[in-house]
Each structure stands twice: as C-alpha cells, then as structure tokens.
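Subject: Structure for your files

Hello,

The structure we spoke about is below. My notes on it come after.

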Amino acid sequence: MNRKKLIIFTDIGDTIIDESTEVLAPGSELVLRADCFPGAKETMLHLYEAGFTIVMVADGLVQSFDNSMKQNGLDGIFSAKIISESCGERKPHPKMFQDAMDAIGLKSKDKRRIIMVGNNLKRDVIGANRFGIRSVLLTWSPRYNYEPTEKDMVPDETIKKPEELWDLAIRLETELEAECAGNKH
Ligand SMILES: [Mg+2]
C-alpha cells in the first residue's frame, strides 16, 4: 500500500466520538463506552485503509480513549496516540502537536503535510494555527460555538460532517503530490 503524503492529526471527543453518548465510570471522568458520530467510524477506516497516516491528538485519560476506540474497532488505525494525560499538557499547548510529530518522525519541513481535525476552536483550531499546521474544523456537534472571536481561531478548512473529511483529504493529497512533482499551478 502506498503511504499518502497527507498526515491526519485528529481529536476524538465530538470529532469522532459523540460525547453525548459517553458512559462514565461513577464519580469519575473515565469514559467506559461511547458511540461514534454517524459516518465517523467508516470515514476513519476508509482513510486508514487508503494509506493515510492518522495520529490521535486528544485531551483526556488514556484509558478513556482505549475503551472507546476498542469498542468501535478504531484502536488499530492510529500510528501514534498523543493524549493529554500522558503528554502532561492539553491542547492548544504546542507540546501536544510536537509530540505527535516526533512520534512518527516528522521534521519541521513536514508541517505543511499535516492537518489537525477537531471540533474546538479554542483547543484544536488555535492550537494548530499557532503551531503552524493546517486546521480543519468539524461542525457536526450542536454543542459548540463555531464563531471565531479572534484571528487565531479561524480554521483553514471547515467540514460539516465526518464524511466530508474524505473529499478534503483527497484534495489536499492531490495538491501535495502536485507540489512534489513540481507541477504547482
Ligand atoms: Mg473535541
């Protein structure tokens, strides 16, 4: 299988997992189980099977993501998992994104190959924009404000539902391939 040039960093909560379905351990923030948004699991598996590199960049407990990703059959799609509990910082802190790059051996020049997909302007979008990678806002969940209130909050791309990530990834991959071939126009 040909590895794609585009690298997909992704948030989990309210990006792949519908947080309104989360079942928590009593008296704890540990997620025992949770369901994916319609189309999210299929889209992520499709991207993985097509050769895109996918890295989890998520705030929460390591065990929460183990539980929800295993339950939904997505545990194996990630080349690395950067989770705030083990990272020691939360998005938008640059360490989350730098650790993700380091985990799969990317250098500064590779930043142009990376998108960060998430639902949260103040964490995912600001974090990606300030770090210098492309930000993709997913506006599926009705529980968030998607109006940027400062310049750093403006996403590079916006998608309304998980399935649209496939078309976006293919478009960006085509652009990266054209650049590499010296065919930029
Ligand atoms: Mg989220």
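This is a predicted model: local features need pLDDT of at least 70, side-chain atom pairs count only at pLDDT 80 or more; totals for chains, interfaces and linings use all residues.

Residues are numbered from 1 along each chain as its sequence is written.

Six strands form an open sheet in the order β5-β4-β1-β6-β7-β8, with parallel pairing. Helices (H or I, at least four residues) and strands (E, at least two) are DSSP runs, numbered from the N terminus; two strands pair if DSSP finds at least two bridges between them. At the edges are β5 (78-83) and β8 (157-159), each of which pairs on one side only. On average, neighbouring strands of this sheet are turned by 20° against each other, direction ignored. Axes are lines fitted to C-alpha atoms, for helices over the stretch in contact, and angles run from 0 to 180 degrees between N-to-C directions.

Strand β4 (residues 53-58) is joined to β5 in the parallel sense over five bridges. A58 has I83 in β5 as its bridge partner.

Helix α4 (residues 94-103) lies across β1 (7-10), β4 and β5, and runs at about 155° to β5.

Helix α1 (residues 40-49) packs against helix α6 (residues 164-180) at an angle of about 25°, with the axes 9 Å apart. α1 therefore counts as roughly parallel to α6 (angles under 35 degrees). T43, H46 and L47 of α1 make the contact with L165, W166 and A169 of α6 (C-beta atoms, placed from the backbone, within 7 Å).

Regards

Notes: Two residues are in contact if their C-beta atoms, placed from the backbone, lie within 7 Å. Angles under 35 degrees count as roughly parallel, over 145 as roughly antiparallel, 65 to 115 as roughly perpendicular and the rest as oblique.
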